[in-house]
Structures are given as structure tokens and as C-alpha cells.
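Please keep the sequence and the coordinates open while reading.

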Amino acid sequence: MALIKASNPLSRALRKTLPERPFHVRFWDGGVVEATSAGAPTFYLKRPSAMAQFLRSPGTLGLGRAYVEGALDVDDLDAAFIVVDDWQPPRLNAADRARLGLGIALAALPGGLPHRPSLELILRGERHSLQRDAAAIRYHYDVGNEFFALFLDESMTYSCAIYSRGARTLQEAQLTKLELVASKLDLKPGMRLLDVGCGWGSFAIHAAKNHGVTVTGVTLSPSQAELAREKVAEAGCSSEQVEIRVADYRELPRASYDAVASIGMSEHVGESQIDRYARSLFDLLRPGGVLLNHAIAALDPEYDSLEDEFSMRYVFPDGEVLLLSRVQLALERAGLRIDHVEGFREDYSRTLRDWTARLDEHLREAERLAGIERTRIWRLYLRAARHGFDTSITAVYQVRARRPA
């Protein structure tokens with residue numbers, strides 16, 4: 001007598017409630033639900049815990065947990081992501097919802113109580129306090145310098161590259177971006193530059209070598225700072241030309257910098273701190289000094305990045321993507337005068353496409369360096385980020401402002 005598959009009730013419910021299905025489903029016990037359209041991705045539910053995770057946290061967090069722990073897999077991650085993010089299932093009546101819920105519960109039952117993957121981070125303390133921000137940054141960047149090197153370009157520039165001005169490769173596009181920021185700041189020999197959120201030092205090194213400025217770069221990641229200092233020395237710059245510090249922008253003393261660059265950093269600041277951030281940068285500039293703020297922005301006034309629980313717990317803890325208008329308002333409230341704004345949404349989409357391809361090319365090495373679960377997180381995250389730019393949920397802008405003379 002054939003054993004009854006635990007997935008049978010769910011299989012029947014899916015066929016009944018979803019007459020059009022742009023996906024295949026294959027269950028751990030041999031159950032199959034076929035797609036109704038050609039070229040559809042296949043979701044492999046490899047263990048009952050996949051359904052248990054979804055039952056515990058319906059939506060993208062539950063799916064993300066199941067994917068991270070390996071209970072859920074797909075044959076085409078790009079196509080599967082589009083299904084999860086864009087496909088609109090039909091409106092279900094009460095009976096259909098009950099049938100589907102019961103099927104999920106029965107399928108999840110053999111898996112027992114689900115557990116959060118070990119890499120899931122839940123931060124404690126006040127959001128955007130100095131201690132919590134430092135912990136969030138370390139979680140993101142201390143994956144390891146070697147891991148980031150697998151998908152970034154040789155300069156280790158971790159922000160939007162600019163292809164739209166003739167660059168053909170990722171390396172060329174990042175060099176284009178670095179030089180564009182330098183030109184917008186009008187850097188000249190002898191100037192003092194502050195690089196807030198300096199990463200692995202690519203802009204600081206570029207500005208010092210090509211424009212003769214003295215640079216102070218700050219980051220909250222000790223591992224970033226260590227490699228940045230090595231790269232400064234390899235580039236032939238002295239520690240007097242380029243100084244890399246581990247520091248929070250809120251801890252910097254008032255100074256008289258001629259220019260401040262903030263490239264891909266203010267996404268970590270948050271709504272509660274954006275006005276303080278702007279005032280801090282104002283205080284760091286001399287009268288007549290120039291600020292270039294390069295950051296991702298939300299395009300929908302209703303968008304709330306804090307609702308993205310998967311990203312909050314696995315990729316960018318406490319990261320907040322604000323409206324461009326909110327960032328501009330903060331700069332204006334601080335006393336800065338905005339004189340130029342430029343968007344690069346399509347450039348960031350292409351950057352993320354290149355990063356994704358490079359990570360996929362080095363998949364086994366990534367798993368060796370960071371582990372299978374964290375590699376799965378990053379493969380998912382890079383695609384999710386690209387999808388946001390492709391669909392105009394997010395964009396990236398460079399905003400130049402000056403402190404009045």
C-alpha cells in the first residue's frame with residue numbers, strides 16, 4: 001500500500017486555488033505541482049521545515065529563512081525572485097484560504113518547530129545609537145575582505161559604478177564614478193578632504209594620487225580600515241596624505257575641510273539621524289566648502305525599507321533608504337545650499353548585474369570563505385537590490401551642496 005504523501009493536501013490546494021501558476025513546485029516526498037506557463041522556475045521544497053518557516057513568518061522573511069537554511073531551493077534564482085516579488089495571485093475566498101492554510105500546516109507538521117538560521121541578526125538597544133550602528137556595520141562588512149573581493153572590482157569600490165559616460169567594464173565604470181565625484185568637488189592640490197564611510201579607501205586613494213589633496217577617511221568597520229590602510233601603502237601614499245580612521249561621523253571634532261565626500265554611507269544614517277548627519281557635515285566644512293552626498297533613495301513616498309525584514313536581519317541591519325527630498329531637506333535645514341542633483345538609477349542596476357555575475361562565477365570560493373548560508377544570502381540580496389532599481393522602487397542620486405562663504 002502506497003504511503004500518503006504529507007504534501008498531498010497542499011498540492012491539491014495549490015491546483016485548486018491557483019489555476020494559473022507561473023512556477024513548478026517539487027516536494028521532498030516526491031509530490032509535484034506543475035506550472036501552467038512555459039519557462040517557469042521550479043521551487044524545490046527539500047524539507048518540511050520550508051513550510052514550517054513560511055507558516056511561522058508568512059511572506060518574504062519566511063521564504064528567505066527557508067532559502068538560507070537550504071530547505072528551499074530554486075533552479076533559476078532570477079526567475080524565482082520575479083515570481084515572488086511581482087506575481088499577483090488571485091483573490092481567494094474564505095474556503096480557499098482555509099484549504100490552502102490547512103495544506104501548508106499539514107506539510108509543515110513533520111518538520112516540527114522551525115528555528116531561525118544562525119546568521120539571523122536581531123539588534124538590541126536604541127536604533128542608530130553609536131553602539132548599535134557599529135554592530136550593524138560590523139555585521140555587514142566583517143563578512144570578510146576576501147569575500148567582497150570576489151565580486152567587486154580591483155579598487156574594491158562598493159557603490160554605484162557609472163557606465164553611462166562611456167565605460168565598458170566594471171573597473172572603468174568605477175573609475176569614472178571616482179573621477180566624477182572628484183570633479184564635482186572641484187578638488188585641487190593642497191585641499192583637505194573628508195571621506196565619510198570610506199570603505200576600502202578607493203576614493204581617498206584616487207583623490208590623493210590624482211588631485212593632490214590630503215584625505216581623512218572614516219569607517220566603522222575595523223576589517224575595512226585594516227585593508228584600506230594596506231591599499232593606501234600599496235598605492236604609494238603616505239599616512240599623512242591619506243589617514244584611515246575607525247570612527248563614527250558623530251564623533252568627529254569640528255574641522256575645516258575644504259570638501260566632504262559621502263559615497264554610499266548615508267543609507268546607514270536613518271530618518272532619526274539624517275538632520276544630525278547634515279549638521280555634522282556642515283560643521284566639518286569650512287565656509288565655502290563643498291559636500292557631495294551619493295546615496296540610494298526611495299522613489300515611492302509610501303516605501304519603508306524598515307519593513308523589509310529579510311534585509312534588516314541578514315544584510316543591512318537598520319539600513320534606511322530615504323526619499324531624495326528628505327535628504328535635501330536635511331541638508332537645507334543644516335544651512336547647506338544645494339546646487340546640483342544627478343541620478344544614476346540605470347547605472348546601479350548594471351552595477352548590481354555585474355556584481356551578481358562575478359559572485360556566481362566564484363560561488364565555490366564564496367562558500368569556502370563565508371559559508372554556504374551567507375553566500376545564499378548575498379546571492380539573494382544582490383538580485384533583490386537590482387530588482388529595486390530595475391522597477392524604479394529605488395534610485396541613486398548625487399547631491400552637491402555648499403556651505404555659504
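A nonpolar core is a set of buried Ala, Val, Leu, Ile, Met, Phe, Trp, Tyr and Cys residues joined through side-chain atoms within 4.5 Å, where buried means under 20% relative accessible area, exposed over 50%, and partly exposed in between (1.4 Å probe, protein chains only). The model is predicted, with local features needing pLDDT of at least 70 and side-chain atom pairs counting only at pLDDT 80 or more, while totals for chains, interfaces and linings use all residues. Residues are numbered from 1 along each chain as its sequence is written, and side-chain values use heavy atoms, leaving out hydrogens and water.

The largest nonpolar core has 70 residues, of which Phe147, Phe148, Phe151, Tyr158, Trp355 and Trp378 touch the most other members; its largest share, 7 residues, comes from helix H16 (residues 372–390), helices being DSSP runs of H or I with at least four residues and strands runs of E with at least two, numbered from the N terminus. Beyond its neighbours within four places in sequence, Phe147 is in contact (heavy atoms within 4.5 Å) with residues including Leu359, Leu369 and Trp378. A second, separate core of 28 residues includes Val218, Leu252, Val260 and Tyr277.

Ser221 sits in the loop between strand S6 (214–219) and helix H10 (222–234), and counts as buried because its relative accessibility is 0%. Setting aside neighbours within four places in sequence, Ser221 is in contact with Ile137, Tyr141, Asp142 and Val246.

Leu106, by contrast, lies in helix H5 (residues 94–108) and counts as partly exposed because its relative accessibility is 36%.
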